[in-house]
Amino acid sequence: MSERDDRLFDLVRAATVHLLPAEGKDSPLWGSGFFVAPGWVLTAAHVLRPHLLTDRQTAFRVRGEGVDAEARLVRWLITDPRCPKVPLAEDLALVRLTGDPDEHSHECVWLTDRAAPHSGALKACGYYPEPREARFRIVDAVINGREDPYGLIIKPDIDFPSGMSGGPLLDPGTGAVVGLIKSRRKEKDGGKAVAIAALRRFGETYRTVMAAHDRWHGAEPVSESGDNWIDLQHGPSTDQSPAWTPRDRRKALALLAALPPPPDEPTVRLIAKEARSGNQWAGATPELRTWRDGHGLLYEGTAPLDPLIFLRYMRLVGAHACARDADSPALTGWIDERLRGDTRRYLHALARDVTLPDGLQPSPEDDGPERIVIPYPGPGEGPVVALLLDPVIGSQPVRFFWQVWYDDGDGLPEVHETDGSVHGCRPDELVQALRVPLGGLLASKDRQGHPVPLEVALPAEHFDTAVHRWRFEDIAALNDPGHLGARRRLVLRALERRGDPDNLWVDRWQRMTAGRRFQGWRMPPPGAVDTVGYRGAECDRIPVMCRPAGQGTGRVAMNRALESGHGVALWHIGSHPERACLPECESLHARIEKFLGALGSLSELPDRLRHVRQDISEQRADSAWAEPLALLYDDPRRPLPDEETDPVDAPL
């Protein structure tokens, strides 16, 4: 063990604490934790749960080297506190010292910013009970496996005692804490841990804590021994010159922490990709809550990319802030200073001459009644979320299996989550079942002012499912249109069209997208009993029905339209006589005709319908006519994944 390692272990010992009841010096310890920012302690949620189950406001003590203070739980990730086992992804809790944090002088660990999960050797740190007092211990450990998305498997032959749960996992190679001890195996050695990336699930609290973490380290604090974390960290290997050093990283993250946080995750992703000249990072994209998280995408494995890429990223973040009246002279000055130290002047333009992508320019102020219409994305033109609802064969009443897909617009789409139930969900159970997997994905992918579109794929017989009325939030802000159809571009797709599109569908779509003027085409056409009338319809005509599409005449008409290559249609999901139309049907067709006449392109249709739905949600006059309308917008250029094919080969 080197002198440098000994000094690093002294720092992690100074930042590690144990948690115990508020009363009495000799009370048994509950478990371990560690300081991640001034006054903030991270621990395992299961350490606190038995003691705070009935009252989460109960005070307890945090004790470590030079610290003995009262603390309270701020938040844990547990969704069901009474469940006997805490899932890996939920086994984190953030604790705050009571009173003024400046009253307590303590060390804080350095948390890794790298997106790549750790593997290999590390040190497991924590406290364990002794008869007289708790003792600190460091144990050799090896990560040799993962349980997605946040679980780390600690290799057998590692034995750490009870009480170390909640303690930090230190990577001696980089000098960063990469995880938190969850548990040891019963009657076995080894155990499990939670990756530090799971901290991002705390959302706004994570932003607060990480900003405090980066500001604290950015002030270059020195321990009683004269050390600090960054001075003891290994930088890139000596053959990498020039290099992005730990000191560069510390300064960069401190400056980024001083800026307003990013408005949404897609903004961070777009800027990181632009910094990498359009090149995608390896692996899945993690949650991106802060500018720090985007900095963590600029690595290849454990090695940082060229310093100019980091400086380009920071310049882009600075440009984003400046465009929103949040300029940072300190950030700009440091970038220029760091650039002067790089002798490759012929490459400086990469980090100096940057322009925000068009999608990140501030939206113009909306001073009038006319709202901006966002075109629906075609292949490679932007992200789309898709929900596939597949009826369970033979189930009465109907039940659905679901799949949630995400297409970021840059490559092949991926399955985000799949229904794990045995029997599927009844229609009235879908909203609750999809609240976290679909609602959470939509929230994470929305850009400010640009909610991600949602496609719901159903068999035609279920086209009258009122998905535009769904809402995932129990409580929404007064000015927030909480229903899916009012908040985002929401369209239906035909599940029967999985896989390669047929020629009729492709040909009609190509001719429709080339058009600039559209009108309604009443469906079913008078006297049409076969597909001839549907195939002969002009391509500037959008089929419109004043009746449901999933039953009776409407179902026959919709099937004819799909067989004839129609990819766009509007219909009324409410009740309708089987034979004659009602007087209000004429009014509906007239309204739709006027609505379609405002289109400048086919891709405007989903967002223009969203505007009307938003008017309905806000109870604006003269808009209720569109409330029962459903929209088929089925783009054959992005076919649904075939049921029999490998998901990665099936673009949406």
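Alanine 124 stands opposite leucine 169 in strand 10. The model that shows this pair is predicted. Strand 10 covers residues 168-171, and strand 7 covers residues 120-128. The two strands pair in the antiparallel sense, over two bridges.

Strand 7 has another partner. Nine bridges join strand 7 to strand 8, residues 135-147. Here too the strands run antiparallel. Tyrosine 127 faces phenylalanine 136 of strand 8 across this pairing. How many of the nine residues of strand 7 are buried? Seven are, and the strand is mostly covered.

Six strands form a closed barrel in the order 1-2-3-6-5-4, and their pairing is antiparallel. On average, neighbouring strands of this sheet are turned by 45 degrees against each other, with direction ignored. Helix 1 (residues 3-15) packs on the sheet. Helix 1 touches strand 1 (16-21) and strand 2 (31-37), and its direction makes about 25 degrees with that of strand 1. Helix 2 (residues 45-52) also packs on the sheet. Its contacts are strand 1, strand 2, strand 3, strand 4 (60-64), strand 5 (67-76) and strand 6. The direction of helix 2 makes about 90 degrees with that of strand 5.

Strand 3 (residues 40-43) and strand 6 (residues 93-97) are antiparallel partners, with four bridges between them. Threonine 43 has alanine 93 of strand 6 as its bridge partner.

| Strand | Partner | Bridges |
|---|---|---|
| Strand 3 (residues 40-43) | Strand 6 (residues 93-97) | four bridges |
| Strand 7 (residues 120-128) | Strand 8 (residues 135-147) | nine bridges |
| Strand 7 (residues 120-128) | Strand 10 (residues 168-171) | two bridges |

**A helix pair**

Helix 5 (residues 265-275) packs against helix 7 (residues 307-322). The angle is about 140 degrees, and the axes lie 8 Å apart. The two helices are therefore oblique to each other. Their crossing is right-handed. Helix 5 contributes Thr267, Val268, Ile271, Ala272, Glu274 and Ala275 to the contact. Helix 7 contributes Ile309, Arg312, Tyr313, Leu316, Val317 and His320. By type, the contact residues of helix 5 with helix 7 are eight nonpolar, two polar and two charged.

**A buried aspartate**

Is aspartate 293 buried or exposed? Aspartate 293 has a relative accessible area of 2%, which is under 20%, so the residue counts as buried. Aspartate 293 lies in helix 6 (residues 291-295). Leaving aside neighbours within four places in sequence, aspartate 293 is in contact with Arg200, Tyr206, Glu287 and Leu288.

**Backbone in the loops**

Two residues other than glycine have a positive phi. Glutamate 220 has a phi of about 55 degrees. Glutamate 220 sits in the loop between helix 3 (204-218) and helix 4 (246-257). Its relative accessibility is 46%, so glutamate 220 counts as partly exposed.

Aspartate 325 is the other case, with phi near 60 degrees. Aspartate 325 belongs to the loop between helix 7 and helix 8 (329-340). At 77% relative accessibility, aspartate 325 is over the 50% cut-off and therefore exposed.

Which peptide bond is cis? The bond from glutamine 396 to proline 397 is cis, with omega near 0 degrees. Proline 397 is found in the loop between strand 15 (384-391) and strand 16 (400-407).

Note on methods
Residues numbered from 1 in each chain as written. Predicted model: local features only at pLDDT ≥ 70, side-chain atom pairs only at ≥ 80, totals over all residues. Heavy atoms only, no water. Axes fitted to C-alpha atoms, helices over the stretch in contact; angles between N-to-C directions. Parallel < 35°, antiparallel > 145°, perpendicular 65-115°, else oblique. Left-handed = near helix turned anticlockwise from the far one by under 90°. Contact = heavy atoms within 4.5 Å. Nonpolar A, V, L, I, M, F, W, Y, C, P; charged D, E, K, R; others polar. Pairing = 2+ DSSP bridges. Buried < 20%, exposed > 50% of the residue type's maximum accessible area, 1.4 Å probe, protein only.
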